[in-house]
Amino acid sequence: MAAANLIENRTFDEIAVGDTASLTRTLSADDIQLFAAVSGDVNPAHLDPVYAETDMFHRVIAHGMWGAGLISAILGTELPGPGAIYLGQSLRFTRPVGVGDTITACVTVAQKRAEHHVIVLDCTCVNQKGETVISGQAEVKAPTEKVSRPRMPLPDVRIASHDRFRQLMARAKDGSACVTAVVHPCSADAMRAVAEAADAGIVVPILIGPAARMTNAAKDAGVDIAAFRVIDVPHSHAAAAEAVARVRAGEAALLMKGSLHTDELMGAVVSSDTGLRTERRISHAYVMDVPGYPRPLIITDAAINIEPTLEDKADIARNAIDLAHVIGIEQPRVAILAAVETVNPKMRTTLDAAALCKMADRGQIEGALLDGPLALDNAISEAAVREKSIVSPVAGQADILLVPDLEAGNMLAKQLTFLGGADAAGVVLGARAPIILTSRADSVRTRLASCALAVLLARAATKAAPGVAGQRRDG
């Protein structure tokens, strides 16, 4: 086995005064996040850029023990290596370490003590400018038996920092709260979701449902609803109709699902006479914060349109593009997903993808770059794109994944959530008002992010040209 694949120690007898070993690492933002997760040290000097700007160093800095960890790594893997027992360490921190700094840690044997096989090592960490950032001395009991083992690979770790959702919340809080018609919040989970959004200062709830049941749900959830407006109706069907009427009348800017079935709520929304339909097809979108993916990822449609037609997909794309603009993506890249990246006349999804791209070329879908058909790997993986020699402004860096049908979208979103550790904030688009659909399985962070998305969309709609949001679809 090659020496690079082995980890081998130096025994006490093999070590001489003056022996040295070193390693070099460049600090990344992920390193700081990982150290915080392992240690529990969430000092804002390390994790909060806004606070760090006001601190004495005016930037985010590493935990001091991150650099000390490099010294420990040398002692455990190089000098003395496996079998060493750490007895003591003195450290002096002389300069901060920031993201992008390259640190070289070095240990040098200063003393050997035959009794108990103890060695003393001088330790330093130096940055790329040659400045000492840490100095000290380590005392180690050296091994007496030779160890040579296969070097274990480092674990593949992905960071889920949830910064994108925190940024959404910060933007939503930077403005007035939106009046929100909450439909049938008659369970403890539904009532908690309402209270969380109200406490965050982004919505002002109108609770619509059977008053007695809502009061009991609030009691079960430990939520005080005394400050909320309550509209008493006999059942969930009446709650959906009443909530939609309040939005039509301009009394509420948002609609929020409580503890009724989604299809019951959407039935009231799409009613041709009293609903909230516009010229657009109504669709659902998830904004996903996926660990390891460098940008927010919008998946659509995973909840409303079961088997969308080409015309439906065009509206689904338009809705998602508008959403992308609202969350700050100026020219989103839309990947139209299929099982393959070539047009196959026997696969309708590939034909739809080609037609959508041509519609974009002719200006029928605006505000984004579209490409498809693209398989999922070619949509999100630059390595896969290089391997298949795909030339595309979208491939490998998609902002929006337009899925073939609801089943594909739902499975993709849930795979990313439950297997990939992603967060998914969902919102219904294309109606006169944004609609918040939350699930009992959603975390507090996800529920709040869904509300924040809807708030940002509602504010953007008020800035649009008069009449645009209220245009009706025929039929």
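## Report on salt bridges, helix packing and backbone geometry

His-116 counts as exposed, because its relative accessibility is 52%; here buried means under 20% relative accessible area, exposed means over 50% and partly exposed lies in between, as computed with a 1.4 Å probe on protein chains only. The structure is a predicted model, in which local features need a pLDDT of at least 70 and side-chain atom pairs count only at pLDDT 80 or more, while totals for chains, interfaces and linings use all residues. Residues are numbered from 1 along each chain as its sequence is written, and side-chain values use heavy atoms, with hydrogens and water left out.

**The loop between E4 and E5**

His-116 is placed in the loop between E4 and strand E5 (118-126); helices (H or I, at least four residues) and strands (E, at least two) are DSSP runs numbered from the N terminus. Although His-116 is not a glycine, its phi is positive, at about 65°. His-117 is also found in the loop between E4 and E5. Its phi, near 55°, is likewise a positive value in a residue other than glycine. With a relative accessible area of 30%, His-117 is partly exposed.

**Salt bridges**

How many salt bridges does a search of the whole structure find? The search finds 24, where a salt bridge is a side-chain nitrogen of Lys or Arg within 4 Å of a carboxyl oxygen of Asp or Glu.

| Arg-10 | Asp-19 | 3.8 Å |

Arg-10, which meets Asp-19 in a salt bridge, is partly exposed at 26% relative accessibility.

Lys-388 lies in helix H13 (residues 382-388) and Asp-377 in helix H12 (residues 376-380), so the pair ties together parts that are 11 residues apart in sequence. Lys-388 is partly exposed, with a relative accessible area of 40%, and Asp-377 is partly exposed with 34%.

**Contacts with rings**

Across the whole structure, the search for aromatic pairs finds zero. For such a pair, the ring centres of Phe, Tyr or Trp (its six-membered ring) must lie within 6.5 Å, and planes under 30 degrees apart count as stacked, over 60 as edge-to-face and the rest as tilted. A charge does, however, sit over a ring: Lys-112 lies over the face of Phe-12, at 4.3 Å from the ring centre. This description requires NZ of Lys or CZ of Arg within 6 Å of the ring centre and within 35 degrees of the ring normal.

**Helices H5 and H15**

How do helix H5 (residues 163-173) and helix H15 (residues 444-463) pack, and at what angle? Their axes are 9 Å apart and the angle is about 45°, with axes being lines fitted to C-alpha atoms over the stretch in contact and angles running from 0 to 180 degrees between N-to-C directions. H5 and H15 are therefore oblique to each other; angles under 35 degrees count as roughly parallel, over 145 as roughly antiparallel, 65 to 115 as roughly perpendicular and the rest as oblique. Their crossing is left-handed, a term for a near helix turned anticlockwise from the far one by less than a right angle, with clockwise being right-handed.

Arg-166 has its place in helix H5. At 47% relative accessibility, Arg-166 is partly exposed. Between Arg-166 and Cys-123 there are 43 residues of sequence separation and 40 Å in space, C-alpha to C-alpha.

**Cis peptide bonds and a buried methionine**

Leu-79 and Pro-80 are joined by a cis peptide bond with omega of about 5°. Pro-80 is found in the loop between helix H4 (64-77) and strand E3 (85-93). The peptide bond from Gly-372 to Pro-373 is also cis, and its omega is near 5°. Pro-373 is found in strand E15 (residues 369-374).

Is Met-359 buried or exposed? Met-359, found in helix H11 (residues 348-361), counts as buried because its relative accessibility is 15%. Met-359 and Asp-442 are 83 residues apart in sequence and 36 Å apart in space, C-alpha to C-alpha.
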